[in-house]
Amino acid sequence: MQRTRIAHALVVTVALVSLAACSQGSSGHKDEALGSKAPVAPAQRKAVPGLPGMPPVLDPRDVYAADRPNRLSPVVRDFPSRIYVPNTNSNTVSVIDPKTYQVVETIPVGVQPQHVVPSWDMRTLWVNNDRGNTLTPIDPRTGKAGKPVDVHDPYNLYFTPNGKYAIVMASLDRQLVFRDAHTMERVKSVPVSCYGVNHADFSADGRYFIVSCEFSGELLKVDTEQMKVIGQQKLPYHGSMPQDVKISPDGKRFYIADMMADGVWILDGDTFAKPSFLPTGRGAHGLYISRDSREMYISNRGEGTISVFDFAENRLTKKWRLPHGGSPDMGGVSADGKVLWLSGRYNAEVYAIDTRTGEQLARIKVGSGPHGLAVYPQPGRYSLGHTGIFR
């Protein structure tokens with residue numbers, strides 16, 4: 001399946017004072033005691049210190065522990081609840097009131113907006129105008145757009161877990177571009193040999209991140225602090241087209257949706273060995289974690305369904321089908337965890353889905369080519385980017 005060619009921060013105010021108050025613990029393995037005459041226990045992998053400056057995860061067993069229902073940071077607590085929908089072909093952002101399911105505003109932005117991305121400090125939403133070579137800031141308190149910032153080929157946007165850098169997924173330029181998160185000055189451009197750098201997620205300790213390359217069917221492993229590619233592999237499926245990337249709650253695995261293989265790759269990020277595969281549905285595309293960290297919602301864009309994966313059971317447990325079909329793409333989960341919001345990429349619409357029953361609650365008309373929809377605000381202490389990866 002082809003998409004319109006998506007040729008593929010900022011002013012980040014580092015709110016470490018509020019973060020420090022709710023940060024505790026660090027990831028790692030407990031040392032095993034050795035019996036006096038028993039065989040020596042298998043050596044445990046030594047815990048690696050987290051990325052310098054990164055607020056540690058609240059619970060080493062669950063990287064999403066800060067994302068519980070309605071656990072809003074004081075930074076975003078007073079923001080109105082809205083759904084921001086970038087319309088790639090219309091060069092606008094539709095703003096939906098989730099209470100009424102109505103579009104309350106349409107914001108003109110740059111050429112080919114791809115994703116709406118919360119900044120690391122969560123105070124700004126950045127619209128990635130890929131072909132317009134700009135980022136449009138939106139103040140989520142007022143809903144007003146500000147002056148665009150010149151950034152070349154911003155297909156997607158992420159932030160290092162310590163809030164130091166913005167990372168531009170420059171797909172057409174074939175680069176990962178690290179920029180100063182305060183001035184947006186280019187710090188380092190990392191050329192890549194794959195095609196279509198696309199989506200990413202970070203390890204639990206923030207030391208590395210996994211990137212999907214959709215047009216060459218590859219994955220990259222990137223050292224966050226050194227800002228360099230340390231691993232690359234071709235996915236074992238002819239014509240593979242990897243999309244969204246998410247880490248498991250326990251931090252042990254990465255899940256990568258593949259819209260041509262019609263399922264999800266499961267990868268050990270530490271070893272970066274050959275991944276296993278889980279079929280989910282035609283055109284698997286977006287991955288979203290439930291507020292209790294128990295399930296992952298997988299949008300199957302090519303067949304109008306959402307598969308539900310249970311982490312504890314390590315299997316798919318449900319599949320929800322949109323009535324009258326659709327093209328569920330990117331989105332997010334409501335602050336209370338009750339609604340999954342997804343853009344309908346090829347149908348100029350947005351879907352609201354009950355996360356308890358899979359029932360479609362609403363189908364809302366928006367502009368043409370809706371893509372990286374952001375639900376805002378969401379729980380969490382800081383944003384890692386994309387449509388909202390919070391820790």
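Below are my notes on what I looked up.

**Entry 1: ground rules**

I noted that this is a predicted model, where local features need pLDDT of at least 70, side-chain atom pairs count only at pLDDT 80 or more, and totals for chains, interfaces and linings use all residues. Residues are numbered from 1 along each chain as its sequence is written, and side-chain values use heavy atoms, with hydrogens and water left out.

I began with β19, residues 263-267. Strands here are DSSP runs of E with at least two residues, and they are numbered from the N terminus. Is β19 mostly covered or mostly open? It is mostly covered, as five of its five residues are buried. Buried means under 20% relative accessible area, exposed means over 50%, and partly exposed lies in between (1.4 Å probe, protein chains only).

Next I looked up the pairing. Two strands pair if DSSP finds at least two bridges between them. Strand β18, residues 254-258, runs antiparallel to β19, with five bridges joining them. I found Val264 of β19 as the bridge partner of Ala257.

On to β20, residues 276-279. This strand pairs with β19 over four bridges, again in the antiparallel sense. Ile266 stands opposite Ser276 in β20. I reminded myself that strands of a sheet pair through backbone hydrogen bonds.

**Entry 2: an open sheet**

Which strands form the open sheet, and in what order? I read the order as β21-β22-β23-β24, four strands with antiparallel pairing. β21 (284-289) and β24 (315-321) stand at the edges; each has a single partner strand, so one side of each is left without a neighbour in the sheet. Neighbouring strands are turned by 25° against each other on average, direction ignored. For such angles, axes are lines fitted to C-alpha atoms (for helices over the stretch in contact), and angles run from 0 to 180 degrees between N-to-C directions.

Strand β23, residues 305-310, is joined to β24 by six bridges, and they run antiparallel. Thr305 stands opposite Arg321 in β24.

**Entry 3: aromatic rings**

Rings of Phe, Tyr and Trp (its six-membered ring) pair if their centres lie within 6.5 Å; planes under 30 degrees apart count as stacked, over 60 as edge-to-face and the rest as tilted. How many aromatic pairs does this rule give? The count comes to 13.

I picked Phe202 and Phe209, a tilted pair at 4.9 Å centre to centre with 45° between the planes. Both residues are buried. Then I took Tyr255 and Phe309: their ring centres are 5.4 Å apart and their planes are at 55°, so this pair is tilted. Tyr255 lies in β18 and Phe309 in β23, so the pair ties together parts that are 54 residues apart in sequence. Tyr255 is buried, with a relative accessible area of 1%. Phe309 is buried, also with a relative accessible area of 1%.

I also found a cluster: ring pairs link Tyr165, Phe178, Phe202 and Phe209.

**Entry 4: charges over rings**

A charge sits over a ring if NZ of Lys or CZ of Arg is within 6 Å of the ring centre and within 35 degrees of the ring normal. Arg174 lies over the face of Tyr195, at 3.8 Å from the ring centre. Lys221 lies over the face of Tyr208, at 4.4 Å from the ring centre.

**Entry 5: salt bridges**

A salt bridge is a side-chain nitrogen of Lys or Arg within 4 Å of a carboxyl oxygen of Asp or Glu. I logged 17 of them in the structure.

One joins Glu225 and Arg207 (2.9 Å, N to O). Glu225 sits in the loop between β15 (218-223) and β16 (228-234), and Arg207 in the loop between β13 (197-202) and β14 (208-213), 18 residues apart. Glu225 is partly exposed at 45% relative accessibility. Arg207 is partly exposed at 24%.

Another joins Arg301 and Asp329 (2.6 Å, N to O). Both of these residues are buried. Arg345 also meets Asp329 in a salt bridge (3.5 Å, N to O). Arg345 is buried as well. Salt bridges that share partners join Arg301, Asp329 and Arg345 into one network.
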